[in-house]
Amino acid sequence: MLSVCPLSSLARGDALRVQADPPIAVFHTEDGEVFAIDDTCTHQDASLADGWLEGCEVECPLHASRFDLRTGRVDAPPAKRPVRTHRVLVEDGHIFVELSTDEPNLPPGVSVTSPRAGGGA
Ligand code: FES
């Protein structure tokens with residue numbers, strides 16, 4: 001479980017990029033919900049934490065693909081692959097993220113630095 005920050009330090013409508021491998025983006029919606037997804041757009045190397053949050057969607061700052069924060073689904077092209085989502089827990093006013101064990105859908109040219117399982121010698 002990744003400790004992110006106190007809920008009070010992430011204002012509604014704001015996003016935070018969190019160092020992980022690959023980095024993740026944590027969003028606090030205007031409605032007060034908190035979501036976590038991989039920070040890197042699946043189209044190219046752009047930070048979704050730098051994008052625009054609208055409702056439960058984030059728009060990529062580079063080419064305006066939109067992703068549903070609840071499911072990772074692509075709601076607007078050019079991205080085709082969904083972004084990976086992570087489970088969020090808010091406990092005692094603190095945000096925690098349980099990192100998904102699914103494979104991330106990273107764009108071409110972006111890779112994780114330390115593959116977490118397997119890979120041989
Ligand atoms: S990099 Fe996100 S839509 Fe192109």
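The following dialogue concerns a predicted model of a protein chain.

Visitor: How do you know which features of this model may be discussed?
Guide: The model is predicted, and local features need pLDDT of at least 70, side-chain atom pairs count only at pLDDT 80 or more, while totals for chains, interfaces and linings use all residues. Residues are numbered from 1 along each chain as its sequence is written, and side-chain values use heavy atoms, with hydrogens and water left out.

Visitor: How many helices and strands does the protein chain have?
Guide: The protein chain has 0 helices and 10 strands; helices (H or I, at least four residues) and strands (E, at least two) are DSSP runs, numbered from the N terminus.

Visitor: Why is the protein chain called as compact as a globular protein of its length?
Guide: Its radius of gyration, taken over C-alpha atoms, is 14 Å, close to the 14 Å that the globule rule gives for 121 residues, so the description applies. That rule is 2.2 Å times the number of residues to the power 0.38.

Visitor: Where is Asp 68 found?
Guide: Asp 68 belongs to strand β7, residues 66–68.

Visitor: Why is Asp 68 called buried?
Guide: Buried means under 20% relative accessible area (exposed is over 50%, partly exposed in between; 1.4 Å probe, protein chains only). Asp 68 has a relative accessible area of 3%, and is therefore buried.

Visitor: Which residues is Asp 68 in contact with, leaving aside its neighbours within four places in sequence?
Guide: They are Cys 56, Glu 57, Arg 73 and Asp 75; contact means heavy atoms within 4.5 Å.
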